[in-house]
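Colleague: I would like to learn how to read this model feature by feature. Could you take me through it, giving the general idea each time and then the case at hand?

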Amino acid sequence: MRIRYTLSFLFILSINLIQSQQPDTFGEVSTEELEMTTYSKDTTASAVVLYERGDNYFKVIDDRIRIVKEYHIKIKILNERGFDQADISIPLRKTEKNNEKLEELKAITHNGNNRFQVLSKDIYTKDVHEFRTERTFAFPNVKKGSVLEYKYKLISPYIYNFKGWTFQSDIPKIYSEFNAKIPGNYVYNRAMIGELKLDVNEADVKNNCFHIEGYRSASCEVLKYAMNDIPAFEIAEEFMLAPSNYISRIDFELSEFTDFSGFTNQYTKTWKDVDKEFKSDKDIGRQLTKKGFFEKHVPETLLNEPNELKRAKNIYAFVQKHYTWNEEYGIYGKARVKDAFDIGRGNVSEINLSLINLLNAADLKANLMLISTRKSGLPKMSHPVMSDFNYCIAKLDIDGETYLLDATNKYMAFGMLPYRALNYYGRVMDFKKDSYWYEITPKNNNKHQVRIQLNFDVESKKAIGKFAISNTGYNALITRKEIDSYRHEEDYLKYIEKAVSGDFMITSYERQEELQSDTSTSERLEFEIPNILNGDMVYFNPFLVRFFSENPFLLEKRTYPVDFGYTRIYKYLMVISVPDGYAVHELPESKTVKLDNGLVEMKFQTQANEKHISILFNLSLNSTHIAAEEYKNLKTVFRHVTDVQNNSLLILKKI
């Protein structure tokens with residue numbers, strides 16, 4: 001899923017000339033750029049970056065070492081949809097003692113021979129949170145054909161936060177270039193993310209390029225990375241992991257620093273180092289030593305159940321019920337399990353650390369597992385990057401079976417993780433042994449099934465039927481939460497009626513309690529559809545319920561994989577009794593389509609005799625992960641899925 005390779009120090013992988021290179025001269029726009037009306041390599045683009053360049057270097061300012069980041073960009077507006085490119089936000093980091101500073105900000109709207117500058121009074125500073133501000137402005141007089149140009153210099157005290165460069169964005173780029181001069185006593189790991197390849201990858205050494213008064217000068221690594229004709233990264237669809245897994249960019253991470261006295265600080269740590277630190281950390285390891293507190297504050301029977309699995313399930317249910325999640329993620333903020341227990345409310349760490357404490361207090365082997373949520377990107381496996389993790393869960397082992405637990409969601413069944421946590425793998429922090437990676441495998445039995453028996457009342461011309469809706473796995477969790485979101489049952493039934501096609505009216509409803517569980521739901525209802533037998537020919541679509549009424553995959557090309565999170569099965573069965581005085585005139589055509597490897601398959605079958613018609617639809621998403629190269633075929637499968645559900649026509653003829 002993630003394409004990554006290391007760019008070795010002073011090693012040139014490839015050097016290609018880029019014809020679109022141009023001088024970095026602010027304020028100059030060519031006639032060709034002004035007259036440009038479309039971008040030939042992406043005719044759907046609403047805007048395109050004509051030129052983008054960044055220059056990053058180290059400099060001593062006021063006796064302090066700072067990173068200077070110079071940035072220059074020109075954007076062509078091709079139509080009205082591109083006007084949102086005129087709103088600019090530049091993020092700036094800050095702490096109690098330091099902050100980044102923005103200098104020499106200039107911005108111009110080019111409209112033919114007319115130039116409109118952004119005035120200083122129209123540049124605003126906004127506090128986002130305690131660690132970030134934003135400098136914002138909007139280009140004036142923007143219209144179709146405008147060229148927007150701005151540049152600035154950012155002064156940063158955060159030497160460790162040498163971020164690198166993102167080549168891809170939501171609009172295409174004709175040319176993007178990143179330059180850096182890094183003193184030799186700073187060593188950064190760097191990695192190329194994404195599918196796109198560098199057109200320029202140059203590295204050289206410049207002697208005596210960095211100097212601090214009173215010390216000898218240092219040589220610098222001089223870098224130049226560039227790409228030409230960069231496609232836009234489109235995020236127009238669901239079913240994907242975090243864009244940060246796929247957007248083409250170069251990431252930098254400070255590995256070590258040697259000061260001028262020769263002392264070296266290591267910033268890239270081993271997992272043994274991290275294990276040791278976490279064990280004594282007041283917000284992590286020390287919060288897992290509170291067994292005694294929990295033993296005193298929970299019912300004794302909760303910890304003494306003889307059956308280990310039942311004991312674990314009881315503890316899990318207790319934590320789910322006792323705590324309310326405050327919607328906060330994070331593993332590095334303040335975590336105090338005692339305080340959270342007292343108020344019955346906490347963040348992810350406090351709730352799941354409490355769960356681990358209770359499981360351990362009950363002599364069950366549970367460890368902390370660090371993960372990253374689906375929206376936050378996959379953690380790097382090559383070496384510890386602790387900022388990659390923003391979530392934690394419990395890993396429980398009983399009789400050779402492993403259960404991954406998250407008690408923040410009151411609807412989540414034992415052994416299942418919320419959708420946000422289904423992100424492939426995490427790091428188990430076993431403080432008695434070494435930490436290790438562990439794979440996240442979602443539960444497979446996730447089925448949504450609808451069965452319908454349809455009869456006709458010829459005299460009243462209406463259809464009368466029975467609905468049976470059953471769900472298992474994640475589908476059941478979604479249904480339980482949906483039902484509970486309505487205060488009154490009639491409101492929930494109105495929701496169902498609205499979701500079903502046609503003039504659908506529910507006449508009775510029941511939930512079969514004996515079939516309800518944490519991982520299953522079963523509903524039964526009776527319904528009527530008026531005036532369906534109207535005329536000598538009766539036309540109707542047998543799909544009262546449609547699982548995918550629209551194709552979720554519409555991009556011309558998708559360069560990153562599809563990820564469903566968990567496997568899914570959708571089944572629809574309708575048995576129709578042919579009304580007296582009518583015969584089947586036409587049935588929808590049966591159809592089967594699938595990916596070549598069977599990862600996704602749709603079967604649609606219709607059969608009829610003189611008395612009955614059967615409609616069977618089955619859609620199986622047999623894998624959570626569909627590679628990008630299968631996207632075109634996947635889109636075709638779902639085109640058939642939506643066509644079958646929306647356009648199937650059953651015709652009865654009066655005889």
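Modeller: Gladly, and we can begin with how elements are named: helices (H or I, at least four residues) and strands (E, at least two) are DSSP runs, numbered from the N terminus. With that naming, Tyr424 is found in the loop between strand S22 (401-405) and strand S23 (425-429). Tyr424 has a positive phi of about 75°, although it is not a glycine. Before we go on, this is a predicted model, in which local features need pLDDT of at least 70, side-chain atom pairs count only at pLDDT 80 or more, and totals for chains, interfaces and linings use all residues. Residues are numbered from 1 along each chain as its sequence is written, and side-chain values use heavy atoms, with hydrogens and water left out.

Colleague: Which loop holds Lys461, and what is its phi?

Modeller: Lys461 belongs to the loop between strand S25 (447-457) and strand S26 (462-472). Its phi is positive, about 65°, although Lys461 is not a glycine. For exposure, buried means under 20% relative accessible area, exposed over 50%, and partly exposed in between (1.4 Å probe, protein chains only). Lys461 is partly exposed, with a relative accessible area of 38%.

Colleague: How many helices and strands does the protein chain have, and what are its spans along the principal axes?

Modeller: The protein chain has 10 helices and 37 strands, and its C-alpha trace spans about 100 × 75 × 45 Å along the principal axes. Of its 655 residues, 51% count as buried. A contact means heavy atoms within 4.5 Å; among contacts in the protein chain with a separation of 6 or more, 73% come from residues 24 or more positions apart.

Colleague: How do I read a nonpolar core?

Modeller: In soluble globular proteins, nonpolar side chains tend to be buried together. A nonpolar core is a set of buried Ala, Val, Leu, Ile, Met, Phe, Trp, Tyr and Cys residues joined through side-chain atoms within 4.5 Å. Here the largest such core holds 65 residues, and the members touching the most others are Phe467, Leu544, Tyr572, Phe617 and Leu619. Helix H10 (residues 631-647) gives the most to this core, with 6 residues. A second, separate core has 62 residues, including Trp271 and Leu353.

Colleague: Which residues does Leu619 contact, leaving aside neighbours within four places in sequence?

Modeller: Leu619 is in contact with Phe548, Arg568, Ile569, Tyr570, Val600, Glu601, Met602, Phe638 and Val641.

Colleague: Now the sheets, please. What is the strand order in the sheet of 8 strands?

Modeller: Two strands pair if DSSP finds at least two bridges between them. The open sheet of 8 strands runs S27-S28-S26-S25-S31-S35-S34-S33, with mixed pairing. At its edges are strand S27 (505-511) and strand S33 (591-594), each pairing on one side only. For angles, axes are lines fitted to C-alpha atoms, for helices over the stretch in contact, and angles run from 0 to 180 degrees between N-to-C directions. The twist averages 10° from one strand to the next. H10 packs on the sheet, touching S33, strand S34 (600-608) and strand S35 (612-621), and its direction makes about 30° with that of S34. S27 and strand S28 (residues 520-529) run antiparallel, joined by 6 bridges; Glu510 has Arg524 in S28 as its bridge partner.

Colleague: Where is His448, and is it buried or exposed?

Modeller: His448 is in strand S25 and is buried, with a relative accessible area of 17%.

Colleague: And how are aromatic pairs read?

Modeller: A pair of aromatic rings is described by the distance of the centres and the angle of the planes. Rings of Phe, Tyr and Trp (its six-membered ring) pair if their centres lie within 6.5 Å; planes under 30 degrees apart count as stacked, over 60 as edge-to-face and the rest as tilted. By this rule the count is 57 aromatic pairs. Trp165 and Phe178 form a tilted one, 5.6 Å centre to centre with 35° between the planes. Trp165 lies in strand S11 (residues 164-166) and Phe178 in strand S12 (residues 173-183), so the pair ties together parts 13 residues apart in sequence. Trp165 is buried at 8% relative accessible area, and Phe178 is buried at 0%.
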